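Biologist: Hi! Could you walk me through this one while I have it open on my screen?
Modeller: Happy to, let's take a look together.

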Amino acid sequence: MQAAKIWAVALLLGLAGLPSPALAAGGGEGLMQQANNDLENVNSLQRGARNFMNYCVGCHSMQYVRYNRLATDLGLSEEQLRDNLIFGVDKINAYVTTAMTREQATSWFSAVPPDLSLTSRSRGVDWIYTYLKSFYLDNSRTFGVNNKMLEGSSMPHVLWELQGLQTAVYRDEAVMEDSGKESMVKVFDHFTLDEEGSMNPKEFDGFVRDTVNFMDYVGEPVKIKRQKIGMMVLGFLLVLAVLAYALKVEYWKDIH
Ligand code: HEC
């Protein structure tokens with residue numbers, strides 16, 4: 001009987017979704033920041049879509065997304081869609097493709113800009129958020145910038161006018177070599193903003209968060225619905241567990 005009670009409590013606690021220590025742990029290598037994006041914030045998704053169409057689609061496609069699906073999911077009319085998101089495409093059921101050809105891409109960059117439909121799932125939203133904020137000046141690179149999340153990245157700093165230009169600052173850290181000798185290495189410490197952009201850092205964070213939010217939605221358009229259904233199912237199971245337990249008590253009460 002005692003065991004059954006403990007199991008019932010454990011089940012209820014589990015269903016209540018109490019944070020488990022395993023999930024709380026983890027994080028990047030010091031640099032990684034959290035996107036804290038909110039898929040239920042439709043305004044943020046709309047702004048993110050606009051950002052993407054203005055700053056990214058010149059190089060990156062989203063080959064699994066159709067414009068009219070975007071309009072439906074983001075609550076936009078066909079007119080708003082045409083005015084704000086579609087540039088040079090006439091069919092609203094077209095997929096989000098880029099005008100850049102593979103040949104152009106390979107001649108301009110050493111890597112072809114990847115399709116970004118599923119990047120929020122392969123890299124994670126925090127990674128993309130941090131990546132877009134981690135471009136820094138580096139004269140050795142073709143476009144004069146490098147990226148702390150993806151060293152040697154061939155993507156130019158397309159948002160420099162908004163963010164400004166930043167320099168990476170390093171500190172010396174002592175490391176023990178295999179031979180037992182101590183030596184100094186340079187470790188990344190922080191960024192300093194050398195030249196201000198048109199946005200202050202907080203505004204820029206918001207801009208990036210919206211963009212990442214949009215990419216998160218595109219990576220899994222049914223995510224919001226799935227999470228809501230999941231909560232309903234858990235609620236149902238919770239009620240069922242309580243009823244089943246009450247029924248069991250009722251059945252067994254005369255037997256002892
Ligand atoms: C001028 C062309 C260009 C534009 C505009 C551009 N990118 Fe890129 N992007 C690239 C290239 C090239 C790469 C490949 C970098 C590499 O692998 O070296 C890349 C890589 C990326 C990656 C890394 C993907 C991965 O998994 O490795 C992300 C994320 C990304 N871009 C997001 C964006 C976003 C968001 C925008 C709009 C704000 C944007 N890019 C605008 C050229 C561009």
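Modeller: Let me start at the ligand: a backbone N or O atom of S154 lies 2.9 Å from one of the ligand's oxygen atoms. Keep in mind that this is a predicted model.

Biologist: Noted. Which side chain has an N or O atom 2.8 Å from an oxygen atom of the ligand?
Modeller: That is R123, through an N or O atom of its side chain. H60 also has a polar side-chain atom placed 2.7 Å from a nitrogen atom of the ligand.

Biologist: And which residues come nearest to the ligand?
Modeller: There are 21 residues around the ligand, and C56, C59, H60, R123 and M155 come nearest.

Biologist: Is H60 buried or exposed?
Modeller: H60 counts as buried, because its relative accessibility is 10% and the cut-off for buried is under 20%.

Biologist: OK, new topic. What does N146 do with its side chain?
Modeller: The side chain of N146 makes polar contacts with the side chain of D138 at 2.9 Å and with the side chain of E151 at 3.2 Å. N146 lies in strand β4 and is buried, with a relative accessible area of 6%. Leaving out residues up to four places away in sequence, N146 touches S134, F135, Y136, D138, R141, E151, G152 and S153.

Biologist: There's another asparagine I was looking at, N213. Where is that?
Modeller: N213 is found in helix α10, residues 201-219. N213 is buried, with a relative accessible area of 0%.

Biologist: What does the side chain of N213 reach?
Modeller: The backbone oxygen of D38, at 2.8 Å. Apart from residues up to four places away in sequence, N213 touches N37, D38, L39, N41, S44 and L45.

Biologist: And N36, what is its phi?
Modeller: Near 50 degrees, a positive value in a residue other than glycine. Most residues other than glycine have a negative phi. N36 is in the loop between α2 (21-24) and α3, and it counts as exposed at 57% relative accessibility.

Biologist: Let's switch to helices. Why is α8 described as largely enclosed?
Modeller: Because seven of the eight residues of α8 (125-132) are buried. Those buried residues are V125, W127, I128, Y129, T130, Y131 and L132.

Biologist: What covers the buried residues of α8?
Modeller: The cover includes α7 (119-122), β3 (135-137), β4, α9 and α10.

Biologist: One more residue: what does H190 pair with?
Modeller: Its side chain and that of D189 are joined by a polar contact of 2.7 Å. H190 lies in strand β6, residues 182-196, and counts as partly exposed at 34% relative accessibility. Setting aside neighbours within four places in sequence, H190 is in contact with T167, A168 and V169.

Biologist: Last one: how many helices and strands does the chain have?
Modeller: Eleven helices and six strands. Of the 256 residues in the chain, 32% are buried. Among contacts between residues at least 6 apart in sequence, 66% join residues at least 24 apart.

Methods
Residues are numbered from 1 along each chain as its sequence is written. This is a predicted model: local features need pLDDT of at least 70, side-chain atom pairs count only at pLDDT 80 or more; totals for chains, interfaces and linings use all residues. Side-chain values use heavy atoms; hydrogens and water are left out. Buried means under 20% relative accessible area, exposed over 50%, partly exposed in between (1.4 Å probe, protein chains only). Helices (H or I, at least four residues) and strands (E, at least two) are DSSP runs, numbered from the N terminus. A polar contact is a pair of N or O atoms within 3.5 Å; within protein, one must be able to donate a hydrogen and the other to accept it, and residues adjacent in sequence count only if both atoms are side-chain atoms. Contact means heavy atoms within 4.5 Å. A residue is near a molecule or strand if one of its heavy atoms lies within 4 Å of it.
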